[in-house]
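Dear colleague,

Please find below the structure that I am handing over to you. My notes on what was found in it follow directly after.

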Amino acid sequence: MPAIAGAESFTHDGSTDVGVLLSHGFTGSPFSMRPWADHLVAEGYSVRLPLLPGHGTDWREMNRTGWPQWYGELESALADLRARCDTVFVFGLSMGGALALRLAQEHPDVAGLALVNPSVMTLRKEVKFVPLLSRVVRSVAPISDDIAKPGVSEHAYGRTPLRALASLAKLWGTVRRDLPKVTQPVLVLHSAVDHVVEPENSAIVLAEVSSTDVTEVVLDNSHHVATLDHDAPVIFARSVEFIRRVRAERAGDRV
């Protein structure tokens with residue numbers, strides 16, 4: 001099924017020094033990350049922003065996919081960037097943050113992570129029943145468009161596919177178990193008010209990774225999809241500062 005307009009994968013070959021892989025969130029698409037990708041392109045970096053399997057088309061398609069397929073798409077894009085660029089960073093939004101953490105856990109040569117409202121768990125008790133419920137109910141109400149800025153949409157699915165949500169919960173368990181394996185520099189940017197991902201998620205990431213270089217930025221004027229919200233310029237600027245600093249420190253270590 002073809003992707004909806006604006007949800008297509010995005011690729012740009014720029015610098016061979018720095019590549020950035022970006023991942024969108026659950027039921028979303030590259031639409032939510034494209035402004036960030038464009039900012040990185042303007043900085044001269046090579047960029048990969050894949051459309052994850054089952055996303056950007058129809059929620060029924062997503063129910064036929066699971067987290068290993070979403071992760072596999074990102075892992076392929078990472079391999080592409082690693083073959084082209086000396087240094088590769090991974091940036092993610094929400095579930096994309098969890099997938100970025102998994103890449104860092106399995107690929108220690110990832111240079112650093114920038115995570116926006118990353119999800120690694122939920123406090124919603126009903127989610128534990130999703131694997132059973134998904135056998136009889138295909139979807140429930142959407143969790144999209146949590147954006148403070150008026151008139152802005154991420155164009156995510158109008159329904160939440162439950163089989164896919166059950167797979168997301170498995171991803172959370174895998175990523176959270178291995179958080180101590182993350183040793184790379186980490187930049188966590190999280191919204192003060194988020195109606196989708198509880199603040200405990202960012203707190204867990206900050207507390208449980210083994211990284212000694214960890215930076216926290218609170219986004220005071222945005223909700224969950226902060227990459228399209230009032231604080232988007234803050235995210236873009238801080239992520240570029242992060243890349244420059246980490247690269248400079250890595251170069252210093254090699255001297």
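Strand 2 and strand 3 run parallel and are joined by three bridges; two strands count as paired if DSSP finds at least two bridges between them. In this pairing, leucine 21 stands opposite arginine 48 of strand 3. Helix 3 packs on the sheet, where it touches strand 2, strand 3 and strand 4, and its direction makes about 170° with that of strand 2. Such angles run from 0 to 180 degrees between N-to-C directions, with axes fitted as lines to C-alpha atoms, for helices over the stretch in contact. Helices (H or I, at least four residues) and strands (E, at least two) are DSSP runs, numbered from the N terminus.

Please note that this is a predicted model: local features need pLDDT of at least 70, side-chain atom pairs count only at pLDDT 80 or more, and totals for chains, interfaces and linings use all residues. Residues are numbered from 1 along each chain as its sequence is written, and side-chain values use heavy atoms, with hydrogens and water left out.

Seven strands form an open sheet in the order 1-3-2-4-5-8-9, with mixed pairing. Its edge strands are strand 1 (10-12) and strand 9 (214-219), each of which pairs on one side only. From one strand to the next, the twist averages 15°. Helix 7 (residues 200-208) lies across strand 5, strand 8 (186-191) and strand 9, and runs at about 165° to strand 8.

How many residues of strand 4 are buried? Seven of the seven residues of strand 4 (residues 87-93) are buried, so this strand is largely enclosed by the rest of the structure. Here, buried means under 20% relative accessible area, exposed over 50%, and partly exposed in between (1.4 Å probe, protein chains only). In a regular strand the side chains alternate between the two faces of the sheet. In strand 4, Thr87, Phe89, Phe91 and Leu93 are buried on one side, and Val88, Val90 and Gly92 on the other. Strand 4 runs parallel to strand 2 (residues 18-23), to which six bridges join it; glycine 19 has valine 88 as its bridge partner. Strand 4 also pairs in the parallel sense with strand 5 (residues 112-116), over five bridges, and there glycine 92 stands opposite leucine 115.

Serine 46 is located in strand 3 (residues 46-49) and is buried, with a relative accessible area of 0%. Leaving aside neighbours within four places in sequence, asparagine 63 is in contact with Arg138, Pro161, Leu162, Arg163 and Ala164.

Finally, helix 6 (residues 162-177) has 16 residues, which at 1.5 Å a residue should span 22 Å; its end C-alpha atoms are 23 Å apart, which agrees. The expected span is 1.5 Å times one less than the number of residues. Among the buried residues of helix 6 are Leu162, Leu165, Leu168 and Trp172. What covers the buried residues of helix 6 includes helix 3 (67-84) and helix 4 (95-106).

Yours sincerely

Key: Contact means heavy atoms within 4.5 Å.
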